Protein chains: 4
Amino acid sequence: MKAVILGTTGYTGQVLLRLLSNHPKITRIYPVSSSIAGTPLLEFDPGLGNAILEKTKDCGNAFCTLDQAVEAQGDVVFAALPHLKSAQVCAPFFGQSVVIDLSADFRIKDHSTFIKAYGQEPPRPDLLAEAVYGLAEWNRDQITKASLIANPGCYPTASLTPLLPLISQGYVAGDVIINAMSGISGAGRKAKENLLFCERTETVNAYSPGTSHRHCQEIQQEVSLRTGKAQQDSTVYFTPHLVPIKQGMAVTTTCQLNPGVSDAEIAQAYKAAYQDSPWIRIVPAIPDTSQVRGTNRCDVHWHRDGDRIFLMSVIDNLYKGASGQAVQNMNIRFGFDERTGLPEHGEV
Amino acid sequence: MKAVILGTTGYTGQVLLRLLSNHPKITRIYPVSSSIAGTPLLEFDPGLGNAILEKTKDCGNAFCTLDQAVEAQGDVVFAALPHLKSAQVCAPFFGQSVVIDLSADFRIKDHSTFIKAYGQEPPRPDLLAEAVYGLAEWNRDQITKASLIANPGCYPTASLTPLLPLISQGYVAGDVIINAMSGISGAGRKAKENLLFCERTETVNAYSPGTSHRHCQEIQQEVSLRTGKAQQDSTVYFTPHLVPIKQGMAVTTTCQLNPGVSDAEIAQAYKAAYQDSPWIRIVPAIPDTSQVRGTNRCDVHWHRDGDRIFLMSVIDNLYKGASGQAVQNMNIRFGFDERTGLPEHGEV
Amino acid sequence: MKAVILGTTGYTGQVLLRLLSNHPKITRIYPVSSSIAGTPLLEFDPGLGNAILEKTKDCGNAFCTLDQAVEAQGDVVFAALPHLKSAQVCAPFFGQSVVIDLSADFRIKDHSTFIKAYGQEPPRPDLLAEAVYGLAEWNRDQITKASLIANPGCYPTASLTPLLPLISQGYVAGDVIINAMSGISGAGRKAKENLLFCERTETVNAYSPGTSHRHCQEIQQEVSLRTGKAQQDSTVYFTPHLVPIKQGMAVTTTCQLNPGVSDAEIAQAYKAAYQDSPWIRIVPAIPDTSQVRGTNRCDVHWHRDGDRIFLMSVIDNLYKGASGQAVQNMNIRFGFDERTGLPEHGEV
Amino acid sequence: MKAVILGTTGYTGQVLLRLLSNHPKITRIYPVSSSIAGTPLLEFDPGLGNAILEKTKDCGNAFCTLDQAVEAQGDVVFAALPHLKSAQVCAPFFGQSVVIDLSADFRIKDHSTFIKAYGQEPPRPDLLAEAVYGLAEWNRDQITKASLIANPGCYPTASLTPLLPLISQGYVAGDVIINAMSGISGAGRKAKENLLFCERTETVNAYSPGTSHRHCQEIQQEVSLRTGKAQQDSTVYFTPHLVPIKQGMAVTTTCQLNPGVSDAEIAQAYKAAYQDSPWIRIVPAIPDTSQVRGTNRCDVHWHRDGDRIFLMSVIDNLYKGASGQAVQNMNIRFGFDERTGLPEHGEV
């Protein structure tokens with residue numbers, strides 16, 4: 001199988017390169033970079049091992065152009081590009097390849113919500129209906145048949161995974177308060193002053209509180225789908241924080257439970273939702289992000305306190321929060337085992 | 001003025017040593033260490049500068065014993081000791097010196113709450129009534145006359161500072177959801193495996209969610225004092241998180257406002273509460289912890305979202321969250337300017 | 001093939017567990033821990049993935065005792081134990097299994113040098129002659145036939161890899177000045193105050209300069225073997241430094257070249273030494289440690305400045321510097337491809 | 001006294017702002033920023049405390065223009081600007097104010113060496129003769145009378161401090177091998193991809209080895225001054241490394257001693273050189289960078305190994321390596337105690 005990566009030089013692109021390099025079903029990779037096409041892969045990224053050389057020999061082991069990638073007629077295209085740019089760059093591949101888009105361009109279905117979040121019209125409204133939201137554990141059937149998969153945001157993935165089983169059962173009353181912490185790689189590989197080592201080491205901060213972060217709209221959309229309420233009536237509040245780690249995301253969600261929901265029902269809701277999902281674990285102790293680093297896992301722990309429940313979930317934002325879930329979606333789409341080519345072990 | 005430090009070798013003790021070394025009103029310091037009395041200060045802590053030498057010459061520039069410190073008849077005693085041990089070690093100083101206790105031994109006034117939080121009876125119930133809770137901005141009058149000051153916990157300081165102005169005005173409805181992030185020094189200088197560099201770098205996690213952390217009881221106590229509700233009816237939920245920074249604490253509090261509370265009223269509540277408080281700033285942008293590192297400041301920002309308000313506050317857990325506030329309390333108690341001897345500038 | 005791990009709860013033990021879990025030739029793993037035998041593996045180390053479960057089912061997916069491991073009659077035993085203790089714990093396996101010892105117990109061949117470095121007699125002098133020094137690229141033939149492999153230290157591995165090709169050719173004149181930086185995991189997982197996060201973040205320091213570090217003796221031994229000089233005449237100086245990273249080691253070696261050595265000869269020396277070694281790369285730019293993190297690679301760059309040459313080498317101290325090379329040695333010993341089961345890609 | 005800061009928004013500028021804000025002899029500060037003149041100081045740098053407000057009221061507590069600063073006729077001007085740009089921006093102040101230039105523009109006296117290091121002619125060759133090299137402990141007399149002070153580079157400060165006492169006494173034979181580690185702030189506050197948090201956390205690397213770093217020329221110049229050898233015959237080799245800390249620099253220097261030099265002579269050389277220097281300490285254990293963080297100290301330890309000596313020195317690159325030494329030079333120039341306004345205590 002042939003795979004194209006668009007935007008290979010960002011962090012998610014580099015992770016895709018590593019994952020596909022190890023993926024037994026992928027035989028050819030076309031790593032596109034519009035800015036440095038022609039540059040040898042190992043010069044740009046000396047961390048790459050030799051397995052990449054065999055699979056990228058069509059491109060001379062170098063970044064290739066978009067045109068070269070279009071010609072290659074890849075079976076699958078991973079777009080690791082900025083939102084609002086991604087839909088446009090992907091255009092030549094629609095209808096030709098399965099497109100897995102890691103940007104936000106196809107995630108938000110409602111026009112006004114998209115405009116609120118991204119400041120302009122969705123770039124390809126014609127494709128919104130067919131684009132499948134790639135939260136893998138919740139949309140497997142649709143993903144199997146999809147030609148365009150909107151890979152979820154990292155915060156929504158880490159927030160929705162522990163939340164949806166309870167929401168779907170109607171167990172949650174009142175507001176959902178989500179507080180999240182993200183590693184710096186979530187902001188991408190941009191030469192911005194506020195992302196410098198000296199600006200981020202030994203400091204933490206909140207940003208975009210309440211409903212002002214774009215991912216809040218994405219979370220609200222998926223919650224509304226299950227509650228049947230209009231999204232504008234959603235009472236999901238989401239406050240992200242930046243923490244000085246490279247990769248990793250931890251989400252703490254505070255909910256009120258409806259009267260009478262038992263612990264056994266909660267446990268059963270999680271079991272029913274995830275017992276056949278190899279990448280979701282309900283763990284007996286509060287997880288830390290290092291235990292999922294470099295893996296596609298989302299580890300979830302819940303803690304009951306009267307009618308309150310606290311959900312603690314962790315992912316690696318570059319893996320389950322981006323490139324790992326993208327490969328999982330490819331696996332589902334092409335009928336491979338969901339685990340294929342994805343590493344299992346977190347950091348020691 | 002003569003100052004005694006009990007438990008000088010911990011992080012808060014070391015900060016006290018630095019602050020008092022620079023404090024113009026302190027002429028003699030007696031740094032107690034039961035474990036390494038006699039060891040030269042600069043051998044243990046080569047970061048100390050020369051100002052310490054003049055002020056500690058009575059002890060030969062070395063850690064001294066408790067007996068030596070008792071004999072010295074200090075004007076003020078700072079106890080930087082573990083809870084449940086502190087009250088006992090401080091015993092010889094009660095009645096002789098003003099005691100500022102950085103442990104939890106005198107913070108919780110209610111016996112059953114203390115037992116719930118600390119697993120046993122308060123060590124000196126006879127002194128609980130006279131011990132003043134040293135949240136400096138809220139108890140100045142009492143501190144002025146106190147002989148025993150219970151210096152607040154770091155989480156309570158960072159949580160109560162943004163919350164009390166709203167609580168006191170009766171603006172807050174329903175539950176208060178506090179999520180906090182603390183630097184690792186908050187756990188003290190203990191040789192524990194889970195505090196090793198390799199266990200804490202590049203990872204974050206929640207712990208003690210809901211109402212299970214001891215500091216939650218302390219926060220609830222102070223909130224209940226202002227709402228008039230019984231503490232057991234308190235609906236303050238508090239979930240702390242460990243983040244890989246040495247010093248620093250950021251708290252994000254989510255509240256519902258009562259109908260009709262205007263932004264102007266909120267601004268006025270903060271102004272009224274803190275306009276004469278040099279260490280509290282209401283800042284126009286969400287603060288990060290580095291801007292208060294090494295200072296006694298608490299920087300607070302609030303963000304309104306409909307009937308929700310989000311409070312973001314930052315402190316340095318070793319300064320405003322411990323030793324800095326202890327010195328501020330000494331300043332208040334002895335009639336000095338509150339700012340005396342406390343550094344102003346955060347990290348670049 | 002059955003593998004035993006002794007000392008599984010340390011960092012090198014945990015890495016071995018991950019590597020063997022993924023190794024296609026290993027079907028059973030016996031993870032020994034004398035302190036917590038019986039504890040479920042995933043409880044102690046929630047970062048482990050499910051592949052571990054199948055391979056450790058003989059032990060009930062828990063740490064096992066030494067007796068259980070002896071009974072299992074493993075084909076290979078990895079000893080990840082402290083020096084001076086390792087030889088003793090391994091005793092039951094000698095003659096039964098191939099033993100790969102990650103401690104220093106069998107590395108130093110000369111008694112007085114061992115005593116100088118480790119403060120006592122070698123624990124098993126009878127086995128020193130047969131123990132093969134497992135610097136994989138330099139002792140392949142011996143490793144193929146070895147029943148006891150002394151896996152090299154991390155500093156020696158990173159220092160000798162760039163140095164031996166030049167030493168072996170007789171290109172180096174005068175003293176060899178080695179300066180090394182190690183991540184904190186090199187000190188192991190010990191609950192010591194000086195390894196706490198707060199003691200190690202945002203600080204660096206040298207330690208054991210000159211010839212005072214034990215690994216200096218190990219480096220000198222291997223250099224002397226190639227120069228023919230007595231070890232006591234060695235002029236290798238080695239100064240290690242601790243840097244605030246978890247994993248990674250960078251070595252900068254400064255040598256004087258004999259007159260007339262050309263750049264082409266240097267390049268040829270490296271090519272001859274390593275062209276068939278999949279884990280050694282001579283790279284065109286100075287490497288950083290992240291590019292080898294999590295891999296078994298040693299990346300080397302050399303820089304000529306007149307008659308001086310500067311060698312820059314990087315490894316992951318837990319992989320090529322310990323557990324990775326141990327698996328590489330197993331691969332060589334049992335006739336597998338050297339790359340089997342070892343990850344290729346460094347950090348993004 | 002009135003002080004001007006040129007280039008206030010960089011890290012060294014921000015440190016200068018903090019130091020001068022606390023300096024008892026400075027009553028007015030004119031913080032110049034060509035890019036954001038008019039922006040309130042506390043908006044750009046919310047870590048600043050209130051002391052800055054009184055001293056900057058002439059500028060309305062905002063960054064000012066160069067013209068405003070020229071008009072102010074400051075007694076002292078600190079130029080914290082990029083090399084090759086600094087001399088030009090400082091032009092209006094020559095003859096009017098004492099200029100302390102933190103760039104390299106006036107450090108290198110020899111034209112061809114300057115060209116080798118900086119790629120072009122020195123920008124103001126006419127001023128090179130009168131510019132005093134501001135290595136404070138070695139040029140006090142000249143500094144007292146200087147109108148232009150070339151503040152040394154961070155690496156030269158940390159390297160020369162332990163080296164010059166031995167060089168000056170003629171104790172050193174053969175090559176001097178310097179290996180240095182610098183925190184990332186040494187690279188300045190530039191929005192460059194290779195300085196991002198994600199590129200620098202958990203990794204270390206060497207760069208510019210041998211004689212290829214500009215600061216090597218600066219070190220060689222000062223060494224040659226004391227040995228009397230021509231700089232081109234200098235055998236100082238210098239290899240810097242980047243380590244993931246914000247502030248801090250550690251230098252390990254390996255020298256050969258001339259025959260017969262005793263330990264007592266070495267100790268005496270250091271005592272003679274620094275006994276009246278409050279910011280240099282010869283310490284009994286190898287120092288780490290945290291013990292000097294935020295101070296103007298250089299802590300030095302030496303270790304003898306036969307005819308080899310190893311010098312370990314640490315500074316804070318932003319303080320003794322830049323802004324701290326600049327203030328120390330101001331103190332010397334204007335007849336204040338050298339310690340005035342400079343913090344004493346390193347990190348706990």
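Predicted model: local features only at pLDDT ≥ 70, side-chain atom pairs only at ≥ 80, totals over all residues.
1. Symmetry of the pair. Chain C can be superposed on chain D with an RMSD of 0.0 Å by a turn of 180°, with a shift of 0.0 Å along the axis, and that is the relation of a two-fold axis. Of the interface residues of chain C, 100% are also interface residues in chain D, so the two copies meet through the same surface.

2. Extent of the contact. Chain C contributes 38 residues and chain D contributes 38 residues, and about 3100 Å² is buried between the two chains, with carbon and sulfur atoms giving 60% of that area. On the side of chain C, C:Met181, C:Glu202 and C:Val204 together supply 19% of the area buried against chain D, which is more than any other three residues supply.

3. Polar features of the contact. There are 4 salt bridges between chain C and chain D, and a salt bridge is formed by C:Asp175 with D:Arg308, whose closest N and O atoms are 2.0 Å apart. Across the same interface, 16 residue pairs are in polar contact, both residues having pLDDT of 80 or more. The elements of chain C that give two or more residues to the side touching chain D are E7, strand E8 (205-206), strand E9 (236-242), strand E10 (249-257), strand E12 (298-305) and strand E13 (308-315).

4. By contrast, C:Asp110, which is 71 residues apart from C:Met181 along the chain, has its C-alpha atom separated from that of C:Met181 by 27 Å.

5. Strand E3 of chain C. In a regular strand the side chains alternate between the two faces of the sheet. For strand E3 (residues 76-79) of chain C both faces are covered, with C:Val76 and C:Phe78 buried on one side and C:Val77 and C:Ala79 buried on the other. Strand E1 (residues 2-6) of chain C runs parallel to E3(C) and is joined to it by 4 bridges, with C:Leu6 standing opposite C:Ala79. Strand E4 (residues 98-101) of chain C is likewise parallel to E3(C) and joined to it by 4 bridges, and here C:Val76 stands opposite C:Val98.

How values were computed:
Residues numbered from 1 in each chain as written. Chains lettered and ligands numbered in written order. Heavy atoms only, no water. Least-squares fit on C-alpha atoms with pLDDT ≥ 70 in both. Contact = heavy atoms within 4.5 Å. Buried < 20%, exposed > 50% of the residue type's maximum accessible area, 1.4 Å probe, protein only. Pairing = 2+ DSSP bridges. Buried area = accessible area lost by both parts, 1.4 Å probe. Salt bridge = Lys/Arg side-chain N within 4 Å of Asp/Glu carboxyl O. Polar contact = N/O pair within 3.5 Å; in protein donor to acceptor, adjacent residues only side chain to side chain.
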